[in-house]
Structures are given as C-alpha cells and as structure tokens.
Amino acid sequence: MNPQSREQANHLLEVHGADPARWPVPSRALLEQADPGLRTQQQSLDAWLATSVPPPAPARLRAAILLAAHEAAASRRSGVLEALLALWQDLGGARLAVPAFALALALGVGLGAGMLPALSAPSDAANDDLLSLAMIDDGYAVLFTEEVSP
Amino acid sequence: MNASLSWSQMQAPAMSASPEPAASAADPDADVLARVAAGDAHAFSILVDRHLARVHRLAWRSLGSDAEAEDVAQETFLRAFTQIPRWRAGGARFSTWLHRVALNLCHDRLRRRREEIAVDALDLVDDSAAPDRLLEHGQRRQRVEDALAQLPQRQREALLLCHFEGHSNAVAASVLEVSVDALESLLARARRGLRQRLEEERSSA
C-alpha cells in the first residue's frame, strides 16, 4: 500500500467524512486505503450529524417573501415621485418656498418701479430729434416748447 | 451603485469581491434573473422556490431559532429582489451570493446575541436536570445542535455548506471567501472538534 495514498485518504476522510458520495469523484477510489479505525470514527460522526434535521421552511414564509417583494416593487415605481418630494423637503419645503416667493415678488416690484420713470421720461436723444424738427418746422417748435420747457 | 456590478461586487459591505473561477461558470439562474430584472413578478417566485429551503436551513442551523431563521430568509430574498435589476452576468453565481448574504445576516444576529447575552448564561441542555423528559433521538439531536453551536463560526459555516448543504468545496470556499485549502482545513478542524465532543459523550455515558 502506498503510504502517500493512505495519508491522502485519511486527510480526505477528515475533511469529507466516511460517505464516499461526499468525496470528490476522482478521489473516491482512495477510500479503501484509509485507516479502518479512522473510517469507523468518521462513520460514527456522520451518523451523529445525520440526527440534525432542521424543520422545513413554512409555507407562510414563502408568501411573506413574495408579499414583501411586491411591496418593494410598488415603492420602487413611486420612487421618482418620492425622490422629488425628498428633494423638495431637503431644500426646505414650504418654509423655504414662502420667503423665496416673497423675495422674488419684492425684486420684481422694486425693479419695475425703478425702471418705470426711465421708460416714461423722454430721453435726450428724443429731445434732440424734436429740436432738429423744430428748427425746420414751426409746428414742431410749438411742440418742442411744450415738451421740453413747460 | 454602478449599473454593471456583478453579484460578487454587490455583497453586503463586510464582504469584499474575490475571484471565483469555479463558481462563475454559467449561472443556472441567469435566465430567471433576467426576467425578474425585466419586471416579471412570477419569475421572482421561481427563484424563491428554488432557493428558499436551502437559505432557510442554512439560517436555521446557523442561528438555531425558527423565528430568526425565517427573518433572515425573508431579508435575504428581499435584498436579492432589490439588487436584481442591477445584476449583470459574469460574477459569482446567484446562489453563491444569496448564501453569502444569508450568512452575513446570521453573523450580524450572532454578534448582537453575543453582545446581549453573556456566554455563561447560555441555556444549553442540561441532561442531568431532566433525563426523562426528552426522547433519546431528540436528546441526541439537541446534543448535535449544541455541539455545532459551540464550534468556531467559520468552522461551523464550512460544515453547514459542505456537509449539510452538499456544496462542492469550490462553491463553499467562494461563499466563505477563502481558498479551497483553507476551506478543507476548516472542515477538518470542525469534524475533529465534533468527534472530540462525541467521544467525550461516549466516555461520560
């Protein structure tokens, strides 16, 4: 008997036990070369371990998993809306929106009020044009007098 | 998360990716995974039917508790469901990934348990206290569960995956993220420890 094979067989016995079905297929032939005492010990251990039988997974567990997955899928579908809402909340939600709107309104009113006189007052360029026309035509001279020197 | 992640890269944070040559062969679940990713609700139930019994057994043997095993099984599948749309072929097999997640969840629970209960207070079966209450088979079974529970965690997991779940060494090594040699060493030490327990029982009987 090859001592190396025996050593290898004993190693496999210690790793996989005495049931050849648990051994790697190419090594199964080595089982016969293992130490008989060690083989008996491993058989006893296998028999001992075989008494451990866990309960089957209950049917309600399967149902619970499928229900949880269904709920996860539903929440995934509404995920985009939730993301937008979360962004809104992160940005301050209504608490930020009210002052932001008030600020925008104030800016709009302020800018509008500031620009209104400039838009309504005749510009220097317009007065120059009127002066030029007044020098040519007396009708315009009357108009120029009313506009520029009331 | 990167859209092209494979299962080996989508593990719980405690796990790191590792090359898994033996486990990355064609995944028998690949077709079903693609259907789940496309929104086929029935396909997910196929995955549950294929893997639930094993995941539940693994959790039950790791934790020794019906309720906790059910919680772990449910959480494992829910994690899988949320990750499947990002799944890409080419990494570890789905079943390997699933068992890793289940074991990680068991680790978390065992860690919490250790923090909550002092080892001295563990309620192990006291044969002398009630020798007549248990049938012989039930008694032996309880002793096996106790002996398994007292093994170091990695040794116990190696034994659960190979001996009880019938995984090949390569797949079990992949789940535990160790080399095949290291796995064999864990298995041999686990069996040696159990054999010692068995002999102690015989001598005390």
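Predicted model: local features only at pLDDT ≥ 70, side-chain atom pairs only at ≥ 80, totals over all residues.
Reader: What makes up chain B, helices or strands?
Author: Helices: chain B has eight of them and zero strands. Read along the sequence, the pattern is α-α-α-α-α-α-α-α.

Reader: How do you know what share of chain B is buried?
Author: A residue is called buried when its relative accessible area is under 20%. Of the 205 residues in chain B, 48% are buried.

Reader: What about contacts in chain B between residues at least 6 apart in sequence: how many of them join residues at least 24 apart?
Author: That share is 68%.

Reader: On to the two chains together. How much area do chain B and chain A bury between them?
Author: About 3500 Å², with 63% of it on carbon and sulfur atoms. In chain B, the residues that lose the most area to chain A are His163(B), Arg191(B) and Arg195(B), together 20% of what that side buries. The contact takes 42 residues from chain B and 36 residues from chain A.

Reader: Why is the pair Arg62(A) and Asp49(B) called a salt bridge?
Author: The cut-off is 4 Å between a side-chain nitrogen of Lys or Arg and a carboxyl oxygen of Asp or Glu. For Arg62(A) and Asp49(B), the closest N and O atoms are 2.5 Å apart, so the pair qualifies. Between chain B and chain A the count is five salt bridges. There are also nine residue pairs in polar contact between the two chains.

Reader: Which element gives the most to the side of chain B that touches chain A?
Author: That's α8(B), with twelve residues.

Reader: What makes Glu177(B) worth a look?
Author: Its phi is positive, about 60°, although Glu177(B) is not a glycine. Most residues other than glycine have a negative phi. You'll find Glu177(B) in the loop between α7 (169-176) and α8 of chain B.

Reader: Why is Glu177(B) called partly exposed?
Author: Buried means under 20% and exposed means over 50%, with partly exposed in between. Glu177(B) has 28% relative accessibility, so it falls in that middle range.

Reader: What is Asp35(A) in contact with, leaving aside its neighbours within four places in sequence?
Author: Arg6(A), Asn10(A) and Leu13(A). Asp35(A) and Glu7(A) are 28 residues apart in sequence, and their C-alpha atoms are 8.7 Å apart in space.

Reader: How do you know that the side chain of Asp35(A) makes a polar contact with the backbone nitrogen of Gly37(A)?
Author: The limit for such a pair of N or O atoms is 3.5 Å. The backbone nitrogen of Gly37(A) lies 3.0 Å from a polar atom of the Asp35(A) side chain, so the distance is within that limit.

Reader: Which residues make the nonpolar surface patch?
Author: Leu131(A), Leu133(A), Met135(A), Ile136(A), Tyr140(A) and Leu143(A) make a patch of about 600 Å². Helix α6(A) gives the most to the patch, with four residues.

How values were computed
Residues numbered from 1 in each chain as written. Chains lettered and ligands numbered in written order. Heavy atoms only, no water. Patch = residues over 30% accessible without salt bridge, like charges linked within 9 Å, V, L, I, M, F, W, Y side chains within 5 Å. Areas by Shrake-Rupley, 256 points an atom, 1.4 Å probe, with all protein chains shown as cover. Helix = DSSP H or I, 4+ residues; strand = E, 2+ residues; numbered from the N terminus. Buried < 20%, exposed > 50% of the residue type's maximum accessible area, 1.4 Å probe, protein only. Contact = heavy atoms within 4.5 Å. Buried area = accessible area lost by both parts, 1.4 Å probe. Polar contact = N/O pair within 3.5 Å; in protein donor to acceptor, adjacent residues only side chain to side chain.
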